[in-house]
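Thanks for making time this morning. I would like to walk you through one model, and I will keep to a handful of side-chain and helix contacts.

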Amino acid sequence: MSSGGLELPPGDSGHEGGPADAAGSAQAGVPAGAVSLAPPESGSARAGAELDWGADAWSEVRTRAQRAGRAYIWLNLIEQRLRAVVGAVLRPIYEPVHGQDDWVVAAAGPAGQEWVQRAVAVREVSRRKGYLLDPADDNVLSFLTLPQLRELMVQHWPCFEPYFDDRREIELALDELEVTRNVVSRNRALSRPVLEQAERASARLLEVLGGGAGSPAADRLPIDAVEDLVGDRYADVISVHPDRVRLQRQLPAEDLFGGARRLDAIGIGLNLLVQNFSGRRLVRLTEAGCRVRLLFLNPASSAVKRRERELGLRKGELSRSVEMNILHVRRVRAGLRDASRFEIHVFDETPRFTAYLVEGQSSGIAVVQSYLRRARGMEAPVLVLRGGGRGVPKDAEHGLFTTYREEFESVWEDSRPVS
């Protein structure tokens, strides 16, 4: 019986609901010839069972959403930057002749008549339905998509040529982004390699279009769009790694220390620097103007012996390792023309953490690890901090970079130089 009081017609004899099913239906209290709408009994095939999601399915969906959201932020930045560039270059040319509302239509010309008229129609619909929340968006240019903005730039390249050197570089970057844009706009799965490619292309394109405050390639860890949005929530912590092995996959020693203008390090043996950054490279870094201050735990102190007992090492094993590292950096210092820029000290206090504070020309990076009782430095969790220059939190006084910088200076004052 349907909701309107009408009985559903019976099926053919060879089909579901026919005479073969009539007996079963009658037994269930359903008149012969009617289709039962009651849920099936337990144990039988249940309609909609495939709609249930398990933990793996939810995890996959969350991963997709996180990647799509990250890519969307980059695409949004590129689109807004390209819209501003197109407006700044073409508006003074077309607006005086065609007016404030029609200059984009005139710039599109016959070749772009179809898509620009579509943008005009979408704008009118948005006006009527109240979707235009910001008066600044009440213009045709705000309704052009990334491919349409690119088409305007390509059509009028002689107008843009005085401002940008390489048209091909811009087009190649936009081609790479079009793949990501297509995936995100249709809510399909975005693989990590494609996401990383889109982030690199976006950073390069923002640099070319003059949307950044410097060259991302010059920074060891370029600030991405997600960090800009949520940076205040996590102070100046930009990444966390369960151990140093995973840190070095993302941030190799060359990327961390290369190009530094100031390098301060404190720890027991400073293995991340000494064992992963060659002595010749350290000499070149110092000769290029970097100031280096290295603070080791005194290998003859009682704190080394306590640390050996914690880690279950043989007596003198850790102290000899620290001595070897100190001898290595002493040889590096001996090869410098100006040894005053390369200082080595030791301290006798209980070691609480190891930190590498690296500052470049425009920004700083710190790698910090706390010492755990039963874990070597290679196995301890790692924090990566952003410090100095652009990208630091608005309330920089509460950043961890400053805290570890002050702690380093305090221990340095009480330490002794190594001859």
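Predicted model: local features only at pLDDT ≥ 70, side-chain atom pairs only at ≥ 80, totals over all residues.

Let me begin with the rings, where the structure holds five aromatic pairs. Trp53 and Trp58 make up one of them, and their arrangement is edge-to-face, with 4.8 Å centre to centre and 80° between the planes. As for solvent, Trp53 is partly exposed, its relative accessible area being 47%, and Trp58 is likewise partly exposed, with a value of 42%.

Phe257 and Tyr356 also form an edge-to-face pair, here with 5.9 Å centre to centre and 65° between the planes. Which parts of the chain does this pair link? Phe257 belongs to helix 11, residues 253–257, while Tyr356 belongs to strand 5, residues 353–359, so that the pair connects distant parts of the chain, 99 residues apart. Are Phe257 and Tyr356 buried or exposed? Both are buried, and together with Phe277 they form one aromatic cluster.

Staying with rings for a moment, I would also point out Arg293, which lies over the face of Trp412, at 5.1 Å from the ring centre.

Now to the helices. If you look at helix 7, residues 167–185, and helix 8, residues 192–208, you will find that their axes come within 9 Å and cross at roughly 145°, and that the crossing is left-handed. On the helix 7 side, the residues in contact are Glu169, Ile170, Ala173, Leu174, Glu176, Leu177 and Thr180, and these meet Val194, Gln197, Ala198, Ala201, Ser202, Arg204, Leu205 and Val208 from helix 8. How does this contact divide by class? Between helix 7 and helix 8 there are nine nonpolar, three polar and three charged residues; among the charged ones are Glu169 and Glu176 from helix 7, and Arg204 from helix 8.

Finally, the serine. Ser302 lies in helix 14, which covers residues 302–311. The C-alpha atom of Ser302 is separated by 8.8 Å from that of Thr350, although the two residues are 48 apart along the chain.

That is where I will stop, and I am happy to go back to any of these contacts.

Conventions: Residues numbered from 1 in each chain as written. Heavy atoms only, no water. Phe/Tyr/Trp six-rings, centres within 6.5 Å; stacked < 30°, edge-to-face > 60°. Buried < 20%, exposed > 50% of the residue type's maximum accessible area, 1.4 Å probe, protein only. Helix = DSSP H or I, 4+ residues; strand = E, 2+ residues; numbered from the N terminus. Lys NZ or Arg CZ within 6 Å of the ring centre and 35° of its normal. Axes fitted to C-alpha atoms, helices over the stretch in contact; angles between N-to-C directions. Left-handed = near helix turned anticlockwise from the far one by under 90°. Contact = heavy atoms within 4.5 Å.
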